[in-house]
Amino acid sequence: TTVHDLTLQRGNGGELHQVAEEGQPVLTTAHGVPVADDQNTLKYGERGPALIEDFHFREKMFHFDHERIPERVVHARGYGAHGYFETYDSLAEFTRADIFQRAGEKTPAFVRFSTVAGSKGSFDLARDVRGFAVKLYTKEGNWDLVGNNIPVFFIQDPIKFPDVVHSVKPEPDRGFPQAQSAHDNFWDFISLTPESMHMIMWIMSDRTIPRSFRFMEGFGVHTFRLLNENDESTFVKFIWKPKLGLQSVVWNEAVKINGADPDFHRRDLWDAIQAGDFPEWELCVQLFDQDFADSFDFDVLDPTKLIPEEVIKPIPVGRLVLDRMPDNFFAETEQVAFMTQNVPPGIDFSNDPLLQGRNFSYLDTQLKRLGSTNFTHLPINAPKCPMHNFQQDGHMAMRNPVGRANYQPNSWGEGPREDPKRGHRSYRDEVEGPKVRLRAESFADHYSQARQFYSSQTAVEQKHIAMALTFELSKVETLAIRERMVAHLLNIDEALATMVAENLGIREMPEAADAAVSPRDDLEPSAALSIIQN
Ligand code: HEM
């Protein structure tokens, strides 16, 4: 950073004034009125009371007083960067999405990485899931792939989302702990939610203390659909694979780093991009049809399950390069609004209940957080393709319909029209059944993939999981909760359960937790899951 020559003038009370010289921009109010003195309020006499007539002071303070907006209800701490996505080959056979039609096509992108539980000012190396949210500004509108660095989630039904988030956040009576899951409320909820066991295995693994954002995978988690020109559907799971491979720190390192530099991950991404060392990921897809979905061991709509990579090999379809930091952190990284329901024509949703719930939640939360229905007018959220509609007015409207017509059909020959051929069409899914509040039986096996994940880990990685469980549960004061967790672990791996119980001083082993469906021993450990490079 260059330090320029300073031309300062001394005022009446010895204060310094930086006065504009020829060719320099003049300080103005928000209304454009040039300001003569930015060091002193308007007073009655040199030592007298302030005057309410001081519009410059009033406006400056008013604006400052309103600088904060609500932080995100989850994923509050995040860091973003610009870049582009480059398509490898045409996927026209599977999808009519414009972004996948032409090899070499480059699409502008913005990515925000985040932790989930901590507040905006929390530290980077928390043991936590990392958000991996990608906004792709395609020629047919924005596609937001709002993923995490873990391929599964805690819960199967969105109605439980407020509960899981409340349980991990600071406890309401005491206001702590900040930014970590090692407390009674969290483990109480988890121990009463068997469907979270697969996710818990991943969270206790090295995946949740990544060395840097540049060494993380990203997962869309849910099953989505690709639709081609004939509206034929192919199921798809999306995975981002880092070119640098995967790396994590160990817990002792994480604790030290948090103390020494709470911005460690931010600084890492900033330094790399400023140095021209642009991080890169490949977008991979796991494609499958209805026959596979019907024959797979688990329900492909269940977000607590994954499809092992040796069962369906992920195919690289393009690369994401991050090559530019935002000019302004607030304008871009804070105000970016990701929404799972932002999909272009050719990409569609499955009936994964969690995805359906998310599609409702994100629009709702953006209105609260950004404060106006016109948050899509902000440059970071606005599409980079032509867009026309009849939405009008509201707070901070920067785009209004042009001309007389603000409705359609109209007789004035004005305004945009619908286009059945090019517009977004939903898959004509056949659904039937009674209107019920019921979890599908096909969602009932909560332990098999947790067991599969644990057994896929190397001995060192398994030890890290045992140590993480020991550390976390040792912070839980209620002994019944510790025992409930050990009872779940017995359904995952007996040696792990015994080790954790011994470490916690539990003398009498509890009975294994009741499992709605017996965990399956016949599942092969999934080799591709064990790719942490030490
Ligand atoms: C952020 C809701 C599940 C990934 C958020 C936010 C809400 C939310 C309200 C704050 C958004 C904002 O203020 O901008 C939900 C609900 C879920 C759910 C209701 C389940 C029912 C998931 C899952 C994933 C995920 C399964 C990963 C696949 C993210 C990410 C962000 C986020 C990455 C941060 C986006 C950013 O960087 O701005 N979620 N979420 N969420 N969620 Fe979810």
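**Close-up views of a predicted protein–ligand model**

The residues of the shell around the ligand divide into 13 nonpolar, 10 polar and 4 charged, where Ala, Val, Leu, Ile, Met, Phe, Trp, Tyr, Cys and Pro count as nonpolar, Asp, Glu, Lys and Arg as charged, and the others, Gly among them, as polar. This is a predicted model, in which local features need pLDDT of at least 70 and side-chain atom pairs count only at pLDDT 80 or more, while totals for chains, interfaces and linings use all residues. Residues are numbered from 1 along each chain as its sequence is written.

**View 1. The shell around the ligand.** The ligand is surrounded by 27 residues, of which R72, H75, R112, G131 and P158 are the closest; a residue is near a molecule if its C-beta atom, placed from the backbone, lies within 6 Å of it. At least two shell residues come from each of β4 (106-115), β5 (130-138), β6 (141-148) and α9 (353-370), and α9 supplies the largest share, 8 residues. Helices (H or I, at least four residues) and strands (E, at least two) are DSSP runs, numbered from the N terminus.

**View 2. Two positions annotated as binding site.** An unreviewed UniProt entry places the feature "binding site" at R72, R112, F161, R358, Y362 and R369; UniProt positions follow the numbering used here, feature names are shortened, and annotations may be inferred rather than shown by experiment. R72 is found in the loop between α1 (55-65) and β3 (78-87), and R72 is buried, because 21 other C-beta atoms lie within 10 Å. Y362, in helix α9, is partly exposed, with 16 other C-beta atoms within 10 Å. A residue is buried if 20 or more other C-beta atoms lie within 10 Å of its own, exposed if 12 or fewer, and partly exposed in between, with C-beta atoms placed from the backbone. Leaving aside neighbours within four places in sequence, Y362 is in contact with F338, M339, T340 and Q341, a contact being a pair of residues whose C-beta atoms, placed from the backbone, lie within 7 Å.

View 3. The 16 residues of helix α11 (residues 459-474) should span 22 Å at 1.5 Å a residue, and the end C-alpha atoms are 22 Å apart, which agrees; the expected span is 1.5 Å times one less than the number of residues. The buried residues of α11 are H464, I465, A466, A468, L469, E472 and L473, and they pack against α3 (184-191), α4 (197-203), α5 (251-260), α10 (448-456), α12 (479-489) and α13 (494-503).

**View 4. A501 in helix α13.** A501 lies in helix α13 and counts as buried, because it has 23 C-beta neighbours inside 10 Å. Not counting residues up to four places away in sequence, A501 touches V486, I506 and M509; A501 and V486 are 15 residues apart in sequence and 6.5 Å apart in space, C-alpha to C-alpha.

**View 5. Backbone details in loops.** The peptide bond from F176 to P177 is cis, with omega near 0°, and P177 belongs to the loop between α2 (161-168) and α3. Another cis peptide bond joins Q408 and P409, with omega about 5°, and P409 lies in the loop between α9 and α10. V221, in the loop between β7 (218-219) and β8 (224-227), has a positive phi of about 70° although it is not a glycine, and V221 is buried, with 23 other C-beta atoms within 10 Å. D393, in the loop between α9 and α10, has a positive phi near 60° and is exposed, with 10 other C-beta atoms within 10 Å.

Notes
Contact = placed C-beta atoms within 7 Å.
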